[in-house]
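My entries follow in the order I looked things up.

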Amino acid sequence: MKQKLLSLLLAGLLAFSLTGCQKQEESQQGQPQNQGQDQNQPQDSPEDDQNPADPAEEITVRVAALKGPTAMGMVKWMEDAAQGQSQGQYEFTLAGAPDEITGGIVTGEFDAAAVPANLAAVLYNKTQGQVQLAALNTLGVLYLVESGEQIQSVEDLRGRTIYATGKGSTPEYALNYVLTQNGLTPGQDVQVEYKTEHAELAALLASGQADLALLPQPFVTSALAQNENLRIALDLTELWDQAAQGKSVLTMGCLIVRKEFAQQHPQALETLMEEYGASAAYVTDEANLEQAAALIEKNDIIQAAVAQKALPQCNIVFLTGEEMRAKAEGFYQVLMEADPAAVGGQLPGDDFYYQGQ
């Protein structure tokens, strides 16, 4: 009897011991993970989740540009990125016409884009302020080129047909402004026939299929090199300056960014601006013309020999901040007075001008 009682007692003690171990294990599993750690070890701060770091290298910034001066200023930056030597990570897209880029900006396919200056204002109005102007990258580069010696003044354009590119963007509005300020009505006194791409028009001019055309550099130089009968008849930048009487300068190209991108990735944008600015400085340095021209050909913009001759006339700049705003506002005001559609119906608001961090 005593032996049976002792056996029962031992079994009960064993069961109690196992239950206690199980409860202790469950209790340890339910403790917060930071309990039991050395109090001297650093712990995560709630602010780390609220303000995540934004190093440029953590995201790939999608950048688009038009083949021409707006992309030529980028080529050193593009090369550095391709060789893994840039601070940020980038994906570049080059297009032949503005409409190949505008949709991507609106839908968020691109984070930044080099586009005609007036198009920046149009997109700002079209997207209810979701686009910002970050920099001006090209000033006046438009020229009227003819085969022969007939055009010596704007009045000589009366009754002629001008072939041009850039319908709905800066070239069209700049040409219309110069014509109207000189007493000519586009579509009546002067006919304008638009082509899609600069390269296409340059080829028509060089082959003699067009005898009078409005072209930007470097395509002017390309056409002149192929046809000795061609010459620069009029400089549209000079004509703009005369018509505007100091109120503005002809502003051809700019860099725009999506406002959402600028707000979410300010450091990435600042890095982009630094690298683009350095690239523009490199390309416009006379000591780098040969290397810059080679990069321009490498990116299928134009032949190196042509690019090297044209670069000094391409008016590539990189203007930001208040200088950018002053030039842009004067340009937009002239366009607004001439044709509100040129800027999307109304002048952009203060939030259009990106001023940095």
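Which handedness does the β-α-β unit made by β6, helix α7 and β7 have? I find that β6, α7 (residues 170–181) and β7 make a right-handed unit. A crossover is right-handed if, with the strands pointing away from the viewer, the path from the first strand over the helix to the second runs clockwise. Helices (H or I, at least four residues) and strands (E, at least two) are DSSP runs, numbered from the N terminus.

Before going on, I note that this is a predicted model, in which local features need pLDDT of at least 70 and side-chain atom pairs count only at pLDDT 80 or more, while totals for chains, interfaces and linings use all residues. Residues are numbered from 1 along each chain as its sequence is written, and side-chain values use heavy atoms, with hydrogens and water left out.

**Five-stranded sheet.** I looked up the strand order and read β7-β6-β8-β5-β9, an open sheet with mixed pairing. Strands β7 and β9 (230–235) are at the edges with a single partner strand each, so one side of each has no neighbour in the sheet. Direction ignored, neighbouring strands here are turned by 30° against each other on average. Two strands pair if DSSP finds at least two bridges between them. β6 (residues 161–165) and β7 (residues 191–195) are parallel, with five bridges, and Tyr 163 has Glu 193 as its bridge partner in β7. β5 (residues 142–147) and β8 (residues 212–216) run antiparallel and are joined by five bridges; Leu 142 has Pro 216 of β8 as its partner. Helix α9 (residues 219–226) lies across β5, β8 and β9, at about 150° to β9. Axes are lines fitted to C-alpha atoms, for helices over the stretch in contact, and angles run from 0 to 180 degrees between N-to-C directions.

**Six-stranded sheet.** I read the order as β2-β1-β3-β10-β4-β11, again open and mixed in pairing. The edges are β2 and β11 (316–319), each with a single partner strand, so one side of each is left without a neighbour in the sheet. From one strand to the next, the twist averages 25°. Seven bridges pair β4 with β10 in the antiparallel sense, and Leu 139 stands opposite Thr 251 in β10. Helix α12 (residues 266–283) packs on this sheet, touching β1, β2, β3, β4, β10 and β11, and its direction makes about 150° with that of β11.

**Helix α5.** I checked α5 (residues 99–107) and found Ile 101, Thr 102, Gly 104 and Ile 105 buried (under 20% relative accessible area; exposed is over 50%, partly exposed in between; 1.4 Å probe, protein chains only). Their cover includes β1 (60–66), β2 (89–95) and α6 (117–126). Gly 108 follows α5 with a positive phi, near 90°.

Beyond four places in sequence, the contacts of Trp 240 (heavy atoms within 4.5 Å) include Ala 174, Tyr 177 and Phe 331.

**Single residues.** Asp 80, in helix α4 (residues 75–82), is buried at 18% relative accessible area. Cys 254 and Cys 314 are both buried at 0%. I looked for disulfides (cysteine sulfur atoms within 2.5 Å) and found zero.
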